[in-house]
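Take a walk through this model, one feature at a time.

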Amino acid sequence: MRPERHPKDSLNHSHAAPALSRAQLSNLAPLTARGYMLWRAQSLTLLSGQPFGLERERALFLGQCRPQAAERWLDAGTSAGFYAGVLAARGCAVLAADLSPAMLREGQRRETSPLIDWALLNLESSGLPDASFDGVTVGATLNETNDPARFLGELARVLRPGGQLWLMYVARTGGPGQTALSTLGGLNFFDPAWTGLQLPQLRRRMAFRSGNVQFEHFLKEAGPDTDL
């Protein structure tokens, strides 16, 4: 049986659009979208200071989250669809969401699985239903958001009890390079303690750091009257 999918016309687009950071605005450019996967394929190696290609990232995610066929996942800030493709290959129904039309076009070009729906959404204010996903993936999108706390709150809201959140982001070092990127590029950098504080309903199950790259795996706790 084919997994249930989110129809595109069911999404609520009536909410006011949040402001965009400079980093988010840069992702609207078609040139940025076309070159994104070239950067993505080598970015973790450059940021961690050791070999860390997409295959290693894929294996780390699959080993921790173990997504199952027929689950429904949100790839939040999908860019060119890396995590969406990984999930679809496991038989998951995926809503691949991004605020950049150019990135969505590139994602659709690269990842052609019929299990992936593509949606133009700013996930700081998505309008998606509560508790509607079994899992959420975030590949560095957190660093680019205009309001990171609001973004994380939205992701926690759309997760069902027992659902999984997978975060990959560049951790804060406080160095001059990050200060310049924050000031000029609109990027944000975080301590793992900060991300945990923004997710009071979720329990961190794993944290792994390689250089400046932080991976975290969270599980949404069931409420006192909720069955998993």
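Helices α3 and α4 cross with a right-handed sense. The model is predicted. Helix α3 spans residues 54–65 and helix α4 spans residues 82–89. Their axes come within 11 Å and cross at roughly 55°. That angle is why α3 counts as oblique to α4.

Now look at the side of each helix that faces this contact. From α3 come Leu 54, Glu 57, Arg 58, Phe 61 and Leu 62. They meet Phe 82, Tyr 83, Val 86 and Leu 87 of α4. By class, the contact holds seven nonpolar residues, two charged residues and no polar ones.

Next, the backbone. Most residues other than glycine have a negative phi. Ala 70 has a positive phi, near 80°, and is not a glycine. Ala 70 sits in the loop between α3 and β1, the strand at 72–76. Its relative accessibility is 48%, so Ala 70 counts as partly exposed.

Ala 140 also carries a positive phi, about 75°, without being a glycine. Its loop runs between β4 (133–139) and α6 (148–158).

Last, the cysteines. Cys 65 has 4% relative accessibility and therefore counts as buried. Cys 92 is at 0%, so Cys 92 counts as buried too. How many disulfides does the model contain? The count is zero. A disulfide would need a pair of cysteine sulfur atoms within 2.5 Å.

Terms used: Residues numbered from 1 in each chain as written. Predicted model: local features only at pLDDT ≥ 70, side-chain atom pairs only at ≥ 80, totals over all residues. Heavy atoms only, no water. Buried < 20%, exposed > 50% of the residue type's maximum accessible area, 1.4 Å probe, protein only. Axes fitted to C-alpha atoms, helices over the stretch in contact; angles between N-to-C directions. Helix = DSSP H or I, 4+ residues; strand = E, 2+ residues; numbered from the N terminus. Parallel < 35°, antiparallel > 145°, perpendicular 65-115°, else oblique. Left-handed = near helix turned anticlockwise from the far one by under 90°. Contact = heavy atoms within 4.5 Å. Nonpolar A, V, L, I, M, F, W, Y, C, P; charged D, E, K, R; others polar.
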